[in-house]
Number of protein chains: 4
Amino acid sequence: MIIVLRPDATDSDVNHIVERAKKLGLTPHISKGTERTIIGLIGPEDALRAVPLEAFPGVENVIPILAPYKLVSREFKKDDSVVNITDHLKLGTKKIILFAGPCAIENEARLLEIGEEVKFAGASVLRGGAFKPRTSPYAFQGLGEEGLKILHRVSKKIGLPTVTEVMDPRDVGLVAQYADVLQIGARNMQNFNLLKEVGMTKKPVLLKRGLSCTVKELLMSAEYIMAEGNHNVILCERGIRTFEDSTRNTFDVSAIPVVKQLSHLPIIADPSHAAGKWNLVGALAKAAIAAGADGLIIEVHTKPEEAMSDGAQSLLPEKLTQLMHDLERIAQAIHREI
Amino acid sequence: MIIVLRPDATDSDVNHIVERAKKLGLTPHISKGTERTIIGLIGPEDALRAVPLEAFPGVENVIPILAPYKLVSREFKKDDSVVNITDHLKLGTKKIILFAGPCAIENEARLLEIGEEVKFAGASVLRGGAFKPRTSPYAFQGLGEEGLKILHRVSKKIGLPTVTEVMDPRDVGLVAQYADVLQIGARNMQNFNLLKEVGMTKKPVLLKRGLSCTVKELLMSAEYIMAEGNHNVILCERGIRTFEDSTRNTFDVSAIPVVKQLSHLPIIADPSHAAGKWNLVGALAKAAIAAGADGLIIEVHTKPEEAMSDGAQSLLPEKLTQLMHDLERIAQAIHREI
Amino acid sequence: MIIVLRPDATDSDVNHIVERAKKLGLTPHISKGTERTIIGLIGPEDALRAVPLEAFPGVENVIPILAPYKLVSREFKKDDSVVNITDHLKLGTKKIILFAGPCAIENEARLLEIGEEVKFAGASVLRGGAFKPRTSPYAFQGLGEEGLKILHRVSKKIGLPTVTEVMDPRDVGLVAQYADVLQIGARNMQNFNLLKEVGMTKKPVLLKRGLSCTVKELLMSAEYIMAEGNHNVILCERGIRTFEDSTRNTFDVSAIPVVKQLSHLPIIADPSHAAGKWNLVGALAKAAIAAGADGLIIEVHTKPEEAMSDGAQSLLPEKLTQLMHDLERIAQAIHREI
Amino acid sequence: MIIVLRPDATDSDVNHIVERAKKLGLTPHISKGTERTIIGLIGPEDALRAVPLEAFPGVENVIPILAPYKLVSREFKKDDSVVNITDHLKLGTKKIILFAGPCAIENEARLLEIGEEVKFAGASVLRGGAFKPRTSPYAFQGLGEEGLKILHRVSKKIGLPTVTEVMDPRDVGLVAQYADVLQIGARNMQNFNLLKEVGMTKKPVLLKRGLSCTVKELLMSAEYIMAEGNHNVILCERGIRTFEDSTRNTFDVSAIPVVKQLSHLPIIADPSHAAGKWNLVGALAKAAIAAGADGLIIEVHTKPEEAMSDGAQSLLPEKLTQLMHDLERIAQAIHREI
């Protein structure tokens with residue numbers, strides 16, 4: 001940690017910081033420049049994070065050097081992590097995994113119909129929401145436990161594992177009974193109690209990036225889950241909130257290589273929520289694969305006009321099938337497969 | 001609702017939309033221009049919100065006309081709402097209310113010391129966190145129930161009601177036992193299950209704006225609480241996330257008059273979290289009052305260097321006392337008091 | 001254009017708007033709902049743009065229906081535009097074009113060295129700045145006309161056409177003498193006098209998106225150039241400014257398919273400025289190609305350590321060569337070539 | 001400057017940096033921690049800014065310590081700068097200055113009418129645009145030189161000095177003949193050649209913050225003007241671009257106290273452009289004064305419905321007069337006057 005002092009900082013200010021640092025087991029290095037004095041603190045930076053050094057007299061700025069995350073970091077684990085979705089399905093290998101399905105579970109017949117279509121198109125995991133976080137209290141909130149049961153039955157019928165969102169710490173046990181992967185939605189990326197709760201299960205967790213969260217904060221949220229003992233974390237870039245209004249969110253494709261540099265965790269992309277329009281999903285899916293994503297999660301609906309949520313961004317199954325042909329070629333181009 | 005059709009939309013596309021609208025009880029008005037056909041739909045717009053009109057063939061754009069919130073809107077209730085924090089303390093009147101105290105409850109002696117100071121300076125409500133949402137799992141997470149008990153005892157001793165954050169739907173009952181106002185933090189503004197849970201209590205709720213949430217989304221989250229029957233909602237502007245890095249967040253002072261136009265609910269400002277630095281808190285507090293805020297929530301600490309959270313943005317009690325003198329003068333200037 | 005009236009708008013407010021609209025040659029359609037009256041105005045929307053309808057009594061909101069751009073729009077011209085950089089080099093075809101070179105022209109030997117390397121790697125256009133827009137007045141501002149002359153001589157020697165930035169309307173003639181493509185930098189995207197000036201030449205213009213400009217504003221700036229008679233406009237996505245700080249800017253890959261939907265103009269990508277770090281350039285370049293970009297502009301330097309500008313984001317020539325192999329495979333995957 | 005090395009940096013990487021730093025006259029301090037080695041470089045940081053240290057082998061991150069601006073900084077000049085608009089009108093004193101007038105100069109009668117009204121309301125400077133930067137090439141672009149002449153004549157008649165925007169380096173001399181203060185608009189804040197040109201005059205310059213520019217970049221642009229010898233710079237906060245859409249821009253009121261801490265230059269606020277709606281202008285104006293602004297620039301029109309630009313955000317003169325009464329009281333409350 002680097003402490004930059006104000007030009008008017010006194011020797012006593014410097015000593016005060018140095019003494020506090022020493023008590024915490026750090027070794028201070030003082031560099032006096034003509035305009036500023038700087039104190040470098042060598043040692044366990046964590047001890048210092050809890051100390052509000054900015055509040056010390058004479059301090060202008062405090063610059064941390066080490067990343068605040070540990071378990072998620074590439075330094076902690078050099079090799080890419082592979083998450084076992086089931087015994088037979090691994091995410092984070094050469095094989096790119098497709099999660100697909102409707103935004104919300106509407107009824108069993110519809111989910112079965114969509115599930116069979118996405119499986120045919122090449123999806124390995126069926127998505128579908130039973131608990132829906134909606135901006136309006138008057139919007140369809142999902143079928144709840146009934147939805148989970150439908151998801152489970154359809155999963156068995158078509159032979160695909162499932163991912164579904166859990167929004168409430170009280171529901172984690174319930175959702176874990178029915179689904180193979182627990183999804184933490186963008187609005188809950190910093191719902192820390194929920195993160196802890198899914199961290200106490202053994203289930204793979206699909207952690208979506210919050211609309212206004214940095215990549216580093218995404219990694220910190222993954223750290224919450226891992227710190228509880230669950231290392232099966234899959235990150236997901238799904239667009240951030242910016243001033244641009246031609247898409248629902250701004251798909252931050254750079255997050256994919258940045259995560260790969262900073263962390264060993266796999267990352268997938270959600271082009272549907274980023275774009276908000278089905279006719280942009282293909283381009284974003286291709287971009288994500290080219291940039292190194294380990295998977296995709298795409299909303300698909302057989303009757304978008306009747307979708308109870310996010311119809312405008314849902315692909316028809318035949319569009320997904322077409323897209324998969326393009327994605328296969330791109331995956332091969334970068335020596336992967338899908 | 002206005003449906004803008006694509007230039008290549010067919011008559012059959014138009015008829016398809018018109019029929020669907022009629023079934024939902026809406027009256028369509030078709031306007032054919034040289035470049036675009038537009039369908040205006042008159043009637044209960046809510047019925048349409050659930051229909052993904054963007055997914056209909058020929059549709060280019062769907063423009064809602066009515067605001068999606070009802071109970072929170074100025075149209076629903078013309079007069080300013082007043083929230084009773086206690087039988088004797090009202091928020092939303094001519095009198096501006098100060099909430100002050102430490103970021104986190106650290107121990108009873110410290111809270112008592114700070115509580116007495118802020119009461120002396122003019123605060124009407126004591127703030128202090130028992131459950132702390134922290135970006136890092138390794139940071140101090142608050143004292144939990146023990147903290148609530150301390151808060152309650154100090155509240156009785158100094159004779160100030162209290163506000164504290166609740167982060168988990170499971171804790172709402174517990175927190176409601178000890179605190180007078182339930183705070184929903186910025187990261188939980190769209191934790192809809194938590195909103196519903198506090199909506200089922202009778203306690204006043206202090207709802208903080210999310211870092212990347214629009215004013216309209218803030219109102220929608222208030223709508224969640226009110227839809228459950230709890231109309232005692234206090235909104236709070238605390239800064240939004242932007243590219244500017246000289247402050248921790250960008251204090252959106254415009255949100256205050258915008259809320260006053262759109263809603264009858266009272267709104268307060270949190271200059272401490274917006275600024276992130278104590279030496280900017282005063283200017284933002286003054287700006288908030290001048291812009292029409294009904295209250296302020298300010299972090300205060302007697303030993304910022306020893307604060308377990310947010311020391312850098314905490315005011316010393318003597319600075320708060322000075323600031324209150326300035327605020328009194330500004331309040332008078334706009335015919336209010338503090 | 002749609003005029004939404006306030007709930008308290010009077011008949012006289014409606015009549016006032018209707019009369020004004022009729023005078024401008026528009027046909028009003030009035031729809032009275034239970035909560036709002038709406039006036040749809042059919043006809044030449046441009047006539048209305050100059051009228052501040054929001055300032056009329058009773059008006060709550062004004063919603064334009066038609067895009068404000070014309071010449072750049074896909075509706076104006078259905079087929080993709082092809083820009084002739086030289087008689088033998090076209091941009092906007094199946095062939096993806098690489099622009100590469102140093103950020104700044106430093107001296108002739110260095111530019112020649114880099115130019116030969118990028119040509120060898122597969123670049124078709126040499127980039128290099130003679131006029132450099134720098135945040136600091138004390139930073140290297142470019143060699144100016146001397147730089148242009150060097151660029152011209154190196155261009156002749158290696159046989160590659162060139163692109164270079166023009167920052168000042170007074171320099172357009174000068175730069176046009178030496179360079180094949182005139183670049184408008186991100187900070188000048190809304191320097192409207194400069195746009196008009198390059199619009200009056202016949203030279204291809206590379207128009208970079210401003211850091212905080214929407215795609216629609218980018219198209220409006222292209223419209224400025226085209227309105228002066230120069231239809232040889234190449235758009236460029238180079239990252240926008242957001243809260244994310246792990247990259248210099250946020251590369252908005254969605255802009256590529258969005259532009260393709262709205263406009264017939266070709267669009268290229270600048271992964272170097274978006275990323276700000278050389279080790280992210282490859283992933284972004286691949287994503288851009290996969291998303292449909294017609295070209296790339298990449299900073300390359302043989303001695304990044306000695307670069308006078310943007311060394312950190314410059315690729316070494318050997319890295320560019322490697323990257324080109326990957327890009328070739330991705331181009332083939334989407335039935336293009338590079 | 002602090003150089004943070006990668007965990008895998010070698011001794012030879014360290015030596016390479018150390019030698020380069022020594023050649024530039026800097027003194028390196030090496031601190032070896034368990035996880036990272038850090039090199040602090042003491043001495044003239046400017047020499048290093050031109051060296052792309054991020055491009056050196058083994059470097060993870062480069063952290064500048066000193067601000068890149070000099071002449072604008074509070075360290076360079078402790079006391080607040082006062083800018084003489086005329087011999088009798090000073091900005092940056094206890095007296096808060098109001099600039100008011102129409103967005104665009106439309107004709108002499110109208111400008112005279114508005115000018116007299118704003119003078120009556122208490123304005124000290126008349127604003128009015130002759131050159132208008134408009135997003136669309138088809139929008140009214142201003143009267144140009146004819147507008148300047150009108151501005152000059154009205155100025156003489158009513159006895160108020162004037163401010164008007166200059167958009168083109170070629171027009172600086174012309175505008176300087178007619179106007180008392182040269183305005184650099186938000187879109188030109190980083191039009192560096194224009195900044196240099198106004199820096200070569202003696203006229204006061206009103207420098208508006210760019211829509212996506214940080215406060216530090218605003219100061220760097222002021223540095224450009226001052227570096228040319230013109231120290232009469234007035235900064236202006238006018239809103240930044242964010243995701244929030246209930247206002248045209250987000251008024252960053254914090255910029256006012258931040259500028260006061262970092263710089264000696266005066267700063268005014270433009271609530272009209274920030275809000276985009278006349279009925280929010282009052283609240284923002286009050287907030288700006290309370291936060292410490294040295295002046296305000298407000299758009300006023302006697303017939304907003306007929307305004308050729310920005311009618312929706314223009315105040316009627318009677319609203320300005322009312323507002324001034326409130327502002328007087330707030331100014332007094334903070335021991336200033338208006």
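Chain A and chain B bury about 3,900 Å² between them, and 51% of that area sits on carbon and sulfur atoms. Buried area here is the accessible area (1.4 Å probe) that two parts lose on being put together, summed over both. Within chain A's share, Tyr138(A), Arg170(A) and Glu305(A) stand out: these residues supply 17% of what chain A buries against chain B, more than any other three residues. The structure is a predicted model, so local features need pLDDT of at least 70 and side-chain atom pairs count only at pLDDT 80 or more, while totals for chains, interfaces and linings use all residues. As for bookkeeping, residues are numbered from 1 along each chain as its sequence is written, chains are lettered from A and ligands numbered from 1 in the order in which they are written, and side-chain values use heavy atoms, with hydrogens and water left out.

The A–B contact draws 48 residues from chain A and 48 residues from chain B, contact meaning heavy atoms within 4.5 Å. Four salt bridges turn up across this interface, a salt bridge being a side-chain nitrogen of Lys or Arg within 4 Å of a carboxyl oxygen of Asp or Glu. In one salt bridge, the side chain of Glu197(A) meets that of Arg170(B) at 3.0 Å, N to O. The polar contacts between chain A and chain B come to 23 residue pairs, with both residues at pLDDT 80 or more. A polar contact is a pair of N or O atoms within 3.5 Å; within protein, one must be able to donate a hydrogen and the other to accept it, and residues adjacent in sequence count only if both atoms are side-chain atoms.

Three helices of chain A, α1 (11-23), α6 (192-199) and α7 (215-227), each bring at least two residues to the side that touches chain B. Of the elements, α7(A) gives the most to that side, with five residues. Helices (H or I, at least four residues) and strands (E, at least two) are DSSP runs, numbered from the N terminus. Sorted by class, the side of chain A that touches chain B has 22 nonpolar, 11 polar and 15 charged residues. For these classes, Ala, Val, Leu, Ile, Met, Phe, Trp, Tyr, Cys and Pro count as nonpolar, Asp, Glu, Lys and Arg as charged, and the others, Gly among them, as polar.

The buried residues are Phe192(A), Asn193(A), Leu194(A), Leu195(A), Val198(A) and Gly199(A). They pack against α5 (172-178), β10 (181-184), β11 (205-208) and α7 of chain A.

On the chain B side, Ser136(B) lies in the loop between β8 (125-127) and α4 (145-158). Ser136(B) is buried, at 13% relative accessible area. Leaving aside residues up to four places away in sequence, Ser136(B) touches Met220(A), Tyr224(A) and Gln141(B).

Next comes the A–C pair. Here 37 residues of chain A are in contact with 37 residues of chain C, and the two chains bury about 3,000 Å² between them, 64% of it on carbon and sulfur atoms. Four salt bridges are found across this interface; one of them joins Arg209(A) to Glu244(C), with the closest N and O atoms 2.7 Å apart. There are also 10 residue pairs in polar contact, both residues at pLDDT 80 or more. The elements giving two or more residues to the side of chain A that touches chain C are α7, α8 (255-262), α10 (278-291) and α11 (317-333), and α10(A) gives the most, with eight residues.

Chain A can be laid on chain C by a turn of 180° and a shift of 0.0 Å along the axis, with an RMSD of 0.0 Å. The two copies are thus related as by a two-fold rotation axis.

How values were computed. Copies are superposed by least squares on the C-alpha atoms of residues with pLDDT of at least 70 in both. Buried means under 20% relative accessible area, exposed over 50%, partly exposed in between (1.4 Å probe, protein chains only).
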